[in-house]
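Subject: Structure for you to look at

Hello,

Please find the structure below. My notes on what was found in it follow.

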Amino acid sequence: WFTAALQAIISVAEDAGGGKDKLHSVAAGPHHKMVFLTRGPVYLVALAATGESVPVLCRQLDLLHSQLMSILTNAVERALKKSSRF
């Protein structure tokens with residue numbers, strides 16, 4: 001259920017905002033924020049109730065994306081070294 005609701009929110013924001021690779025945020029009251037960033041097929045989401053600003057949450061999502069890409073890139077490289085049949 002959560003994933004479907006999140007996908008619906010992202011779709012609406014993308015339609016309004018012009019597409020992929022953008023930052024979008026939703027405020028729910030004075031202290032709750034949902035920030036999401038799309039990078040190609042990857043959706044990164046931060047939910048915060050601790051008062052961080054949208055730019056801080058965006059930076060955290062950027063760092064998470066970089067870490068994920070580093071891990072995935074290294075895993076692919078190791079798989080190629082292990083088996084040259086790819």
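The largest nonpolar core has seven residues, namely V35, L37, L44, A46, A48, L57 and L61. A nonpolar core here is a set of buried Ala, Val, Leu, Ile, Met, Phe, Trp, Tyr and Cys residues joined through side-chain atoms within 4.5 Å. Two or more residues of this core come from each of β2, β3 and α2, and β3 gives the largest share, three residues. Helices (H or I, at least four residues) and strands (E, at least two) are DSSP runs, numbered from the N terminus.

This is a predicted model, in which local features need pLDDT of at least 70 and side-chain atom pairs count only at pLDDT 80 or more, while totals for chains, interfaces and linings use all residues. Residues are numbered from 1 along each chain as its sequence is written, and side-chain values use heavy atoms, with hydrogens and water left out.

Strands β2 (residues 32-39) and β3 (residues 42-48) run antiparallel and are joined by seven bridges; two strands pair if DSSP finds at least two bridges between them. R39 has V42 of β3 as its bridge partner, and T38 has Y43 of β3. The hairpin of β2 and β3 has two residues between the strands, and G40 in this hairpin takes a positive phi near 60 degrees.

H65 lies in helix α2 (residues 54-82). H65 counts as buried because its relative accessibility is 17%; buried means under 20% relative accessible area, exposed over 50%, and partly exposed in between (1.4 Å probe, protein chains only). Apart from neighbours within four places in sequence, H65 is in contact (heavy atoms within 4.5 Å) with R39 and L44.

Regards
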